[in-house]
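Subject: Structure handover

Hello,

Here is the structure I promised to pass on. Please open it and keep it in view while you read my notes below.

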Amino acid sequence: MNAESSLAVTLSAELFDRLSAEARKLGLPLEWLVASLVVDTVDDAAPMPALACA
């Protein structure tokens with residue numbers, strides 16, 4: 001399986017402003033905040049893996 005090492009995210013001007021303010025308030029880089037939202041979204045959308053019996 002090949003893993004992609006980059007991802008492009010497009011934010012509306014309003015969302016960029018809101019996330020920028022939140023990142024400043026939290027003392028985090030904006031990229032980290034956006035990345036955490038992407039990971040949360042992907043994790044929530046992923047189907048639950050089937051349990052394997054040994």
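The accessible surface of the chain comes to about 5000 Å². Of that, 62% belongs to carbon and sulfur atoms. Accessible areas come from the Shrake-Rupley method with a 1.4 Å probe, and for residues only the protein chains shown count as cover.

Some ground rules. This is a predicted model, in which local features need pLDDT of at least 70 and side-chain atom pairs count only at pLDDT 80 or more, while totals for chains, interfaces and linings use all residues. Residues are numbered from 1 along each chain as its sequence is written, and side-chain values use heavy atoms, with hydrogens and water left out.

**Overall layout**

The chain has two helices and zero strands. Both terms refer to DSSP runs, numbered from the N terminus: helices are H or I with at least four residues, strands are E with at least two. Buried residues make up 13% of the 54 residues in the chain. Buried means under 20% relative accessible area, exposed means over 50%, and partly exposed is in between (1.4 Å probe, protein chains only).

**Helix H1**

H1 runs over residues 13–26, which is 14 residues. From its first C-alpha to its last it reaches 20 Å. That is close to the 20 Å expected at 1.5 Å a residue. The expected span is 1.5 Å times one less than the number of residues.

Which residues of H1 are buried? They are Leu19, Ser20, Glu22 and Ala23. They cover an arc of only 165° around the axis, so they sit on the same side of H1. The arc is that of the directions from the helix axis to the C-beta atoms. On the other side of H1, the exposed residues are Ala13, Glu14, Asp17, Arg18, Arg24 and Lys25. Just after H1 comes Gly27, with a positive phi of about 75°.

**The core**

The largest nonpolar core has five residues: Leu19, Ala23, Leu30, Leu33 and Val34. H1 and helix H2 (30–45) each supply at least two residues of this core. The largest share, three residues, comes from H2. A nonpolar core is a set of buried Ala, Val, Leu, Ile, Met, Phe, Trp, Tyr and Cys residues joined through side-chain atoms within 4.5 Å.

Glu31 also lies in H2. Glu31 counts as exposed because its relative accessible area is 58%.

**Salt bridges**

Side chains of opposite charge can pair when their charged atoms come close. Here a salt bridge is a side-chain nitrogen of Lys or Arg within 4 Å of a carboxyl oxygen of Asp or Glu. How many salt bridges are there by this rule? The count is two.

Glu22 pairs with Arg18, the closest N and O atoms being 3.1 Å apart. Both lie in H1, four residues apart, about one turn of the helix. Glu22 also pairs with Lys25, with the closest N and O atoms 3.7 Å apart. Glu22 and Lys25 are three residues apart in H1, so about one helical turn separates them. Together, Arg18, Glu22 and Lys25 are linked in a network of salt bridges.

Why does Glu22 count as buried? Its relative accessibility is 19%. Arg18 is exposed at 51%, and Lys25 is exposed at 64%.

**A surface patch**

Leu26, Leu28 and Trp32 form a nonpolar patch on the surface. Together they have about 330 Å² of accessible area. Such patches use residues with over 30% relative accessible area and no salt bridge, and nonpolar side chains (Val, Leu, Ile, Met, Phe, Trp, Tyr) are joined within 5 Å, like charges within 9 Å. Leu26 lies in H1. Leu26 counts as partly exposed because its relative accessibility is 47%.

Best wishes
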